[in-house]
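Welcome! Please take a look at the picture before reading on.

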Amino acid sequence: MTDKPRVWVSRPTFPGVIARLEPHFEVTVEDTERKLGPSELAARLARQDAVIVGLKDRIGAAEVGAAERLRIVANLAVGYDNIDVDAMSAAGIAVSNTADVLNESVADYAWALLLGAARRMTAAERWLRAGHWHATEFKAWLGSDVRGRTLGILGMGRIGQAIAHRAVGFGMPVIYHNRSPLPEAVERACHARHVDKAQLLGESDFLVLALPLTPRTRHAVGAPELALMKPTALLINIARGGIVDDAALAAALRDRRLAGAALDVFEGEPKLHPALLTLDNVVLSPHIASATTETRRAMTSVAVDNVLALFGHGPHAGRPPN
Ligand code: DGY
C-alpha cells in the first residue's frame with residue numbers, strides 16, 4: 001500500500017507525459033477508450049484525489065457524490081460543457097481545461113474544413129474512389145473561390161482570432177460577432193470588424209462557429225438564423241454540437257437554402273442526425289479539430305501540470321475556466 005494521493009486518467013494518452021505524475025501520485029490509466037456509464041464513472045471517481053478526463057466523460061453532482069477525496073477534475077479539452085462546473089464548485093472540486101495549446105491546430109482545421117467544403121474535396125474523393133474519373137466534365141465539380149469572399153466568425157475568442165489571422169493570406173475580409181467587441185488593437189491585429197449577429201449571418205460567405213456551448217449558445221444557429229444566411233454561404237462548425245440545430249441545418253442543406261456546411265461536431269455525438277449522412281453538400285469529420293500529435297500531447301501536459309500545481313508540485317501552466 002502507498003499513501004500517495006491517487007490520480008485516475010480516463011483514457012490511454014501519452015504515457016511519457018502521464019509519467020510526470022508518478023513521483024507524487026499513484027496513477028491509474030483506464031486502458032480502453034470505451035465510454036463509461038454514470039455508475040462506472042462514479043465508482044472510479046470515488047477512490048481518487050484527482051482525475052484527468054475528456055469530453056466523453058460527463059461529470060456532474062451524481063458522479064462526484066461519493067468522491068470525498070477528489071480535489072480536481074482536469075479536463076482534456078478547452079471546452080468543458082461535459083462538466084457541471086457549479087456542482088464541482090459546490091463540492092469544493094477545482095475544474096481545469098486546456099486553453100490556448102490547441103488554438104493553432106483547431107484554427108488550421110477550421111480552414112481545412114472551409115477549403116474542403118468550398119472545393120467539394122470529400123465528395124470528389126468519394127466520386128473518384130467509386131471509379132468515376134473519366135466521367136468528369138469540364139464543368140463538373142465546380143467549387144467556389146475564397147479570395148475576396150467575406151469570412152464571418154461567431155465567437156471571436158482565442159481560436160476565433162487564430163482563424164481570423166489566417167484569412168489575411170486568403171485575401172478575405174473578416175467580420176465577427178461577440179457579445180462585446182474586442183479591443184481595437186486586437187481587431188486591428190485580426191483585420192476584423194465587429195458586426196451584430198444578424199449582419200454577420202447576412203453578410204458572411206463562410207461562417208465559422210468558434211464559441212463555447214452554454215445554455216445561452218444552445219441552438220445559436222437554428223432555423224431563424226439559417227434563414228438569414230445567403231443561399232450561397234457555407235457554415236463551418238468546429239466548436240460544439242448543440243450550438244447548431246442539426247435538424248434545421250439538414251433541412252436547409254437539403255433544400256439548398258444553404259449551399260454547404262463542414263462539421264466537426266454534432267448535436268448528440270457520436271450519433272449524427274441521419275439526414276446529414278445522406279447529403280453531398282456537407283463535409284463531416286469525427287470531432288478531430290485538435291487531433292494532432294503535438295497538440296494532444298500539449299493538452300495532456302497542461303492537464304498534468306494542473307494536477308501537479310493543485311497539489312503543490314509545480315507552476316500552474318494551465319488556466320482554470322473560471
Ligand atoms: C476541445 O478542446 O474542446 C476540443 O473540442 C477537444 O478536442
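Which residue in β2 does tryptophan 8 stand opposite? The residue facing tryptophan 8 in β2 is threonine 28. Keep in mind as you read that this is a predicted model.

- Five strands make up an open sheet, and their order across it is β2-β1-β3-β4-β5. The strands pair in parallel.
- The edges of the sheet are taken by β2 (26-29) and β5 (94-96). Each of these has a single partner strand, so one side of each is left without a neighbour in the sheet.
- On average, and ignoring direction, neighbouring strands are turned by 15° against each other.

**Strand β1 and its partners**

- Strand β1 covers residues 6-9 and is joined to β2 by four bridges, with the two strands running parallel.

**Helix α13**

- How far apart are the end C-alpha atoms of α13? They are 26 Å apart, which agrees with the 26 Å that its 18 residues should span at 1.5 Å a residue.
- Among the buried residues of α13 are Thr295, Ala298, Met299, Val302, Asp305 and Leu308.
- The buried residues of α13 pack against the strands β1, β3, β4 and β5, and also against the helices α1 (15-18) and α5 (103-118).
- After α13 comes glycine 312, whose phi is positive, near 80°.

**Two domains**

- The protein chain is divided into domain 1 (6-101 + 293-310) and domain 2 (103-284).
- The C-alpha centres of domain 1 and domain 2 are 31 Å apart.
- Four residues from domain 1 and six residues from domain 2 take part in the contact.
- On the domain 1 side of this contact there are two polar and two charged residues, and no nonpolar ones.

- Alanine 185 lies in helix α8, which spans residues 184-190.
- Is alanine 185 buried or exposed? Alanine 185 is exposed, because 8 other C-beta atoms lie within 10 Å, and a residue counts as exposed at 12 or fewer.
- Alanine 185 and alanine 112 are 73 residues apart in sequence, and their C-alpha atoms are 27 Å apart in space.
- Glutamate 187 is also found in helix α8. Glutamate 187 is partly exposed, with 18 other C-beta atoms within 10 Å.
- Leaving aside residues up to four places away in sequence, glutamate 187 touches Leu182, Ala192, Arg193 and His194.
- The C-alpha atoms of glutamate 187 and alanine 87 are separated by 36 Å, and these residues are 100 residues apart along the chain.

Notes. Residues are numbered from 1 along each chain as its sequence is written. This is a predicted model: local features need pLDDT of at least 70, side-chain atom pairs count only at pLDDT 80 or more; totals for chains, interfaces and linings use all residues. Two strands pair if DSSP finds at least two bridges between them. Axes are lines fitted to C-alpha atoms, for helices over the stretch in contact, and angles run from 0 to 180 degrees between N-to-C directions. The expected span of a helix is 1.5 Å times one less than its number of residues. A residue is buried if 20 or more other C-beta atoms lie within 10 Å of its own, exposed if 12 or fewer, and partly exposed in between; C-beta atoms are placed from the backbone. Two residues are in contact if their C-beta atoms, placed from the backbone, lie within 7 Å. Domain bounds come from an automatic or database domain assignment. Ala, Val, Leu, Ile, Met, Phe, Trp, Tyr, Cys and Pro count as nonpolar, Asp, Glu, Lys and Arg as charged, and the others, Gly among them, as polar.
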